[in-house]
2 protein chains.
Amino acid sequence: MKKLKENEKRGRPDIIHFALLEALGSPLNKERLLQVYVHTNNDYVVTVNREARLPRNYDRFVGLLEQLFELRRVPSKGQALLKLEGKTLPQLLEETKTDYVMAFSRKGSPKTLEEAISKLLEKQRPTVVVGGFPHGHFSETTVKLADEVVCIDPEMLETWTLTSRVIYEYERAVSLPKKRLRQ
Amino acid sequence: MKKLKENEKRGRPDIIHFALLEALGSPLNKERLLQVYVHTNNDYVVTVNREARLPRNYDRFVGLLEQLFELRRVPSKGQALLKLEGKTLPQLLEETKTDYVMAFSRKGSPKTLEEAISKLLEKQRPTVVVGGFPHGHFSETTVKLADEVVCIDPEMLETWTLTSRVIYEYERAVSLPKKRLRQ
């Protein structure tokens, strides 16, 4: 579970685009072990259907987002691939019944990603919060929602890189690569 | 070191775009331990300067590629960020003086990425070859250039996901995350 936040309203859909492609294409998602949400800084939440096949083409992705903000869901009929609701982050976290929230920030406690993710294994419904803004840090409100804020590298990692690494490290921690090769 | 190949000439620059963003933004690259090349199926090689900051915006990236194919380098003066040369894959591999070539393909020997990358640690100048085409497999010629072809997941992984994971696993294998946190 991830949360991507934009500093400006719909200002950097490219960040969301790359990060969602990393998340949805992952073996963890294919095993139905991942649920992705995008929270915007004007308190919208996009619920991403794990079966959504997003356009690889950026312009078509932006077109999809525009449709989403207009219709509140895409496609307009049938199973929603993306759903938009007005919702704060505390509301979202309560609804998901998460029992642990880990946020990643350069202001957090230094820890390797391996150490950080191993902690999530003890939890039933852990949430990982990844910032989706080009600069700056989480708001104080967001930091307070986290049980733990972790810093895995002294330099800024791009949202899509962090997303990809968190997912892969979690797969590794639950031995998913081995299990899938044995299938 | 990676090689991305297009099935159609300049047909899927989005794949190259995402994969290069993953590679260039990685701590491995920041530590100057990575050199990225893009080999196209009509035998051009793009040498990517590790200090290149590529546009996040897709249209601007395509503009950059167009400029590259016209001028053979960008920017036209000063240090080249991208350089284009007519070159086959065997020529490239010889020039780089690589001592081991590992390719990733679903047709390879099943092995976790962790196992695969641990093998590269014994080598001085290992090369990793990642396919950059939307469908299909490496040509027989390319397969013969590889010392080892590895399959890390029964399903297709996107080029950018594989790129990100290979780099992260290598960083992990050389304890780069710990070293960088201690700096």
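Trainee: Which residue just after α7(B) takes a positive phi?

Mentor: B:Ser175, with a phi of about 55°. This is a predicted model: local features need pLDDT of at least 70, side-chain atom pairs 80 or more, while totals for chains, interfaces and linings use all residues. Residues count from 1 along each chain, chains are lettered from A, and side-chain values use heavy atoms, without hydrogens or water.

Trainee: What makes α7(B) a helix of the expected span?

Mentor: A helix is a DSSP run of H or I, at least four residues. α7(B) covers 159-173, 15 residues. The expected span is 1.5 Å times one less than the residue number. That gives 21 Å, and α7(B) reaches 21 Å.

Trainee: Why is α7(B) called mostly covered?

Mentor: Buried means under 20% relative accessible area (1.4 Å probe, protein chains only). In α7(B), 14 of 15 residues are buried.

Trainee: Why do β6 and β7 of chain B stand at the edges of the sheet?

Mentor: The order is β6-β5-β7, parallel. β6(B) and β7(B) each have a single partner strand, so one side of each lacks a neighbour in the sheet.

Trainee: What makes β5(B) and β6(B) a pair?

Mentor: Pairing takes at least two DSSP bridges. These parallel strands have 4. One of them joins B:Val101 to B:Thr127.

Trainee: What makes B:Glu155 and A:Arg180 a salt bridge?

Mentor: The rule wants a Lys or Arg side-chain nitrogen within 4 Å of an Asp or Glu carboxyl oxygen. Here N to O is 3.0 Å, so the pair passes. Across the interface of chain A and chain B, the rule finds 12 salt bridges.

Technical notes:
Helix = DSSP H or I, 4+ residues; strand = E, 2+ residues; numbered from the N terminus. Buried < 20%, exposed > 50% of the residue type's maximum accessible area, 1.4 Å probe, protein only.
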